Amino acid sequence: MDLDTKTMIIENNKCAWGKCIFCSFSKKQNVQILSEDKLKQLIENELDGITTLKQLKFFNSGSFLDENQIPIPVQDFLLEKCKQLKTEELIFECHPMFITDKNISRIRKKLNDINYSPKINVAIGLESADNTILKKIKKGITRETYTKAVELLKKYNFYARTYLMANLPYKKDYSKSLNDSVDFALPMSDTICIINAYPYGYAELFDIWLSRKWHPLNKNEFEKITKKYKNNKKIEIFFDDFISYPKFSLPKQKKVDLYGANKFNLTHPYYEVWQEYLADFYIPPKVKEHVLILPCSYRKPYSMSKTHKAIITRLKGAYSYGKIHQIMVSNPGLIPREFESKYPFAKYDWPEAQETPNIKKLYTVVTQARIENYLKNHKDYYSYNSKKPVFCYLKYEAESYIALKNACKNLDISLINLVDKDTYDLFKKQGMKDILINEMLLDKMFLGLAKRKL
Ligand code: SF4
């Protein structure tokens, strides 16, 4: 197989610097330390079946030139593999503390020894060209040490690929800050990569996100400050590369008791961060075409509850079951089925008996805003509109239903509640409990979907 480009991520041992506030990996406990043979094997496995490879991006969450992360025999092994594959460009990452004359001249010598002269591009996370910011984000470098590292690379005929973050905290004017950094780094760099800072649980920046004083940029915000670089051939722009759902590191986070029908348990930062991720970054599974909003349940994860077991069993009979995206609505906000076991969605409770008129009102307002954000940002994905509906299976008097109804109305999306209203009203009048899992209502939910060929 001939490949143009490949990204290889092989993590081994901790980054020797390990202090950048946006970095989670370097703060993890019990990071694996692999033998040289194991590392070589992993590289072999990654390159298996490839005959030629034009460009290889090798990332190891730290520094390629740090022998404790990538031992010299493994560095050499990778260079030899690249030679075999006729690789024209090798990109690897390195903190400037390892960009030393000794390390760079050694790589150059190795390349000369094997008679191989690819383009070597060293990825340096400069992040910002402002020394005050660099100190605050604990990057361990300054403009001056970066410049020195790049000059050394040039001396040995290597190149610099500089990473900048578009949205570091501590600066109000992101746009100006980014422009200043690009102006500084561009003349010295082969390429510049602009990325959206997005932290995970062990990173200090994740705590800052939870404090609600900072957040990763959404698509519009990011595009606004990066659009002037869109057509610059030396600049690559990454809005959501390698972004995943919010990963909480519980040993570090203060565990909180997310219990009670109160404001704390409605607008907790853990929920807000999740809802921000779901609205701004989350891409629903490709196969899902229809949205079905479902209620929450006391038992978690929801699918283990009596209510959800009954609903899922009946839904499975639907022709388009696999295309239906089940999303629960509750005090944490919207929870797509695939995240129901993630923290804190499986560890909270909202006792209805504690609800007051005021908290119900607040619940409706907060939930409506969350639903609106989610539906608005995923409108193109699910392609719902005034004709293609959003479905739900919710009690008519529930605040969640009222919030959903208002949100759909504001967005001009049609909404179909698959709970048959007449039957529901009759059962309610009779004082029936667990109405939503009544066989007759579940049958009608199924028929409601079948009627629409779902
Ligand atoms: S240099 Fe890279 S790996 Fe090390 S702490 Fe900073 S971001 Fe993390």
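Predicted model: local features only at pLDDT ≥ 70, side-chain atom pairs only at ≥ 80, totals over all residues.
**Phe-242.** Is Phe-242 buried or exposed? I found it exposed, because its relative accessible area is 59%, and exposed means over 50%. I then looked up where Phe-242 sits: in the loop between strand S7 (235-238) and helix H9 (269-280).

**Arg-212.** I checked Arg-212 next and got another positive phi, near 70°. Arg-212 belongs to the loop between helix H7 (204-210) and helix H8 (219-226). I put Arg-212 down as partly exposed, because its relative accessible area is 37%, and that class lies between 20% and 50%.

**Cis bonds.** I went through two prolines. The peptide bond from Lys-300 to Pro-301 is cis, with omega near -15°, and Pro-301 lies in the loop between strand S8 (290-295) and helix H10 (306-315). The bond from Tyr-343 to Pro-344 is also cis, with omega near 0°. I traced Pro-344 to the loop between strand S10 (333-336) and helix H11 (357-377). For context, most peptide bonds are trans.

**Val-329.** I found Val-329 in strand S9 (residues 324-330). It counts as buried, because its relative accessibility is 2% and the cut-off is under 20%. What does Val-329 touch, leaving out residues up to four places away in sequence? My list includes Ile-293, Leu-294, Pro-295, Cys-296, Tyr-363 and Leu-394. I also looked at Tyr-424, 95 residues from Val-329 along the chain; their C-alpha atoms are separated by 20 Å.

**Lys-148.** I placed Lys-148 in helix H5 (residues 143-155). Lys-148 counts as exposed, at 63% relative accessibility. The C-alpha atoms of Lys-148 and Thr-100 are separated by 9.6 Å, and the two are 48 residues apart along the chain.

**Ligand site.** Which residues are around the ligand? I noted Cys-15, Gly-18, Lys-19, Cys-20, Phe-22, Cys-23, Ser-26, Ser-61, Gly-62, His-95 and Lys-139. By type, that shell has four nonpolar, five polar and two charged residues. The ligand takes up the space of the largest pocket.

**Whole chain.** Last, I stepped back. I counted 15 helices and 12 strands, and 55% of the 454 residues are buried. The C-alpha trace spans about 85 × 45 × 40 Å along its principal axes. Of the contacts with a separation of 6 or more, 77% join residues 24 or more positions apart. The accessible surface comes to about 21,900 Å², with 51% belonging to carbon and sulfur atoms.

Notes: Residues numbered from 1 in each chain as written. Heavy atoms only, no water. Near = heavy atom within 4 Å. 1 Å grid on protein atoms, 1.4 Å probe; cavity = no way out; pocket = protein on both sides within 12 Å on 5 of 7 lines; lining within 4 Å. Sits in = over half its atoms within 2 Å of the grid points. Nonpolar A, V, L, I, M, F, W, Y, C, P; charged D, E, K, R; others polar. Helix = DSSP H or I, 4+ residues; strand = E, 2+ residues; numbered from the N terminus. Buried < 20%, exposed > 50% of the residue type's maximum accessible area, 1.4 Å probe, protein only. Contact = heavy atoms within 4.5 Å. Areas by Shrake-Rupley, 256 points an atom, 1.4 Å probe, with all protein chains shown as cover.
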